[in-house]
Amino acid sequence: MITACLTLSAAVGVFAFSFGVGSVAAGASVAQTCAMSIFVFTGASQFSAISVVGAGGSLGSALGGALVLAARNGVYGLAMSRRLDGSLGRRLLAAQFTIDETTAMSVTQPDRRRQQIAFWFTGLTLFTLWNLGTLIGALTGSAIDPKTFGLDAAFPAGFVAMVWPLLSDRRARAAAVLGSLICLVATPITPVGVPILLSALAVLVGVQRPVSDPSEGRPT
Amino acid sequence: MSWTLVIVLAAGAYFFKVTGLVFLGGRTLPPVLERCLALIPAALISALVVKDTFSSGQNLVLDARAVGIAAATFAAWRRWPLIVVIALGAAVTALVRLVG
């Protein structure tokens with residue numbers, strides 16, 4: 001579990017580096033970039049926000065897409081609240097660490113004690129490397145052209161790796177295809193940032209009751 | 001970029017996290033809502049991939065990124081580690097730009 005966690009954190013550090021570079025390239029200052037990684041601390045929302053801002057989208061559309069993405073952490077919180085012990089103060093701190101990776105590492109552990117260790121260990125190493133990577137990326141940012149190193153492709157490449165395991169579920173596949181199509185169709189006809197917001201409509205695939213789907217209720 | 005974006009996003013992101021973990025706690029949501037919320041990552045992250053690969057502002061484009069993301073998708077399909085998927089996507093894109 002420790003090895004898996006450290007490997008994951010190292011990869012996330014590299015991803016954070018590309019966030020730092022991309023964020024500065026999108027017009028954010030080093031302080032703004034680092035503040036995002038410390039206080040927002042949910043990668044997909046951060047990437048979504050700077051990608052919309054970088055493409056010239058409005059503040060509202062940048063926020064909208066990023067906040068819809070952030071809403072999924074609420075679902076992870078529901079899953080984690082049954083697994084974490086501790087005082088209110090400790091839970092308020094745990095909330096900041098409730099993201100894709102910590103939830104995934106924790107819920108796959110066999111017992112409650114290891115679930116808690118996995119959550120806190122992943123949370124702390126990930127938080128450290130995410131912010132370290134962001135800082136180094138932000139400081140490097142203005143020195144290199146992200147396009148020369150293909151760093152603009154690092155975002156979607158990382159997202160492909162994140163979304164791939166989810167697609168083993170039939171309904172997640174349907175939502176992914178529909179979301180992508182909405183985004184493609186909406187891109188030329190709506191302002192920048194709006195296509196991502198509209199693609200959230202694809203979650204309505206979930207309204208229909210599953211016929212026999214044993215994976216229902218999983219925390220991802 | 002404005003500080004408003006940073007602050008509102010930070011507050012909003014924490015609001016969702018704390019709502020699930022602390023306020024709602026062990027309570028369960030209506031099944032239909034839970035099913036829809038569970039599909040957010042698949043729908044939005046896929047759309048982000050499409051946007052960051054095939055668009056430039058409001059234009060749909062086909063450039064070096066498409067080749068890089070195809071390579072990254074192959075790596076993800078082969079279950080290669082995250083770090084390899086990212087590095088491959090970036091490297092292939094940079095290479096195609098260099099040659100093209």
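What pattern does chain A follow, read along the sequence? The pattern is α-α-α-α-α-α-α-α-α-α-α, with 11 helices and 0 strands; helices (H or I, at least four residues) and strands (E, at least two) are DSSP runs, numbered from the N terminus. The model is predicted: local features need pLDDT of at least 70, side-chain atom pairs count only at pLDDT 80 or more, and totals for chains, interfaces and linings use all residues. Residues are numbered from 1 along each chain as its sequence is written, while chains are lettered from A and ligands numbered from 1 in the order in which they are written.

The C-alpha trace of chain A spans about 45 × 40 × 30 Å along its principal axes. Of the 220 residues in chain A, 55% are buried (20 or more other C-beta atoms within 10 Å of the residue's own, with C-beta atoms placed from the backbone).

Chain B is divided into domain 1 (1–38) and domain 2 (46–100), with bounds from an automatic or database domain assignment. The C-alpha centres of these two domains lie 30 Å apart.

Between the chains, 66 residues of chain B are in contact with 92 residues of chain A, contact being C-beta atoms, placed from the backbone, within 7 Å. The largest share of the side of chain B that touches chain A, 17 residues, comes from α1(B).

Ala175(A) touches residues of both chains, including Val203(A), Leu39(B) and Ala43(B), with residues up to four places away in sequence not counted.

Technical notes:
Contact = placed C-beta atoms within 7 Å. Buried ≥ 20, exposed ≤ 12 C-beta atoms within 10 Å, placed from the backbone.
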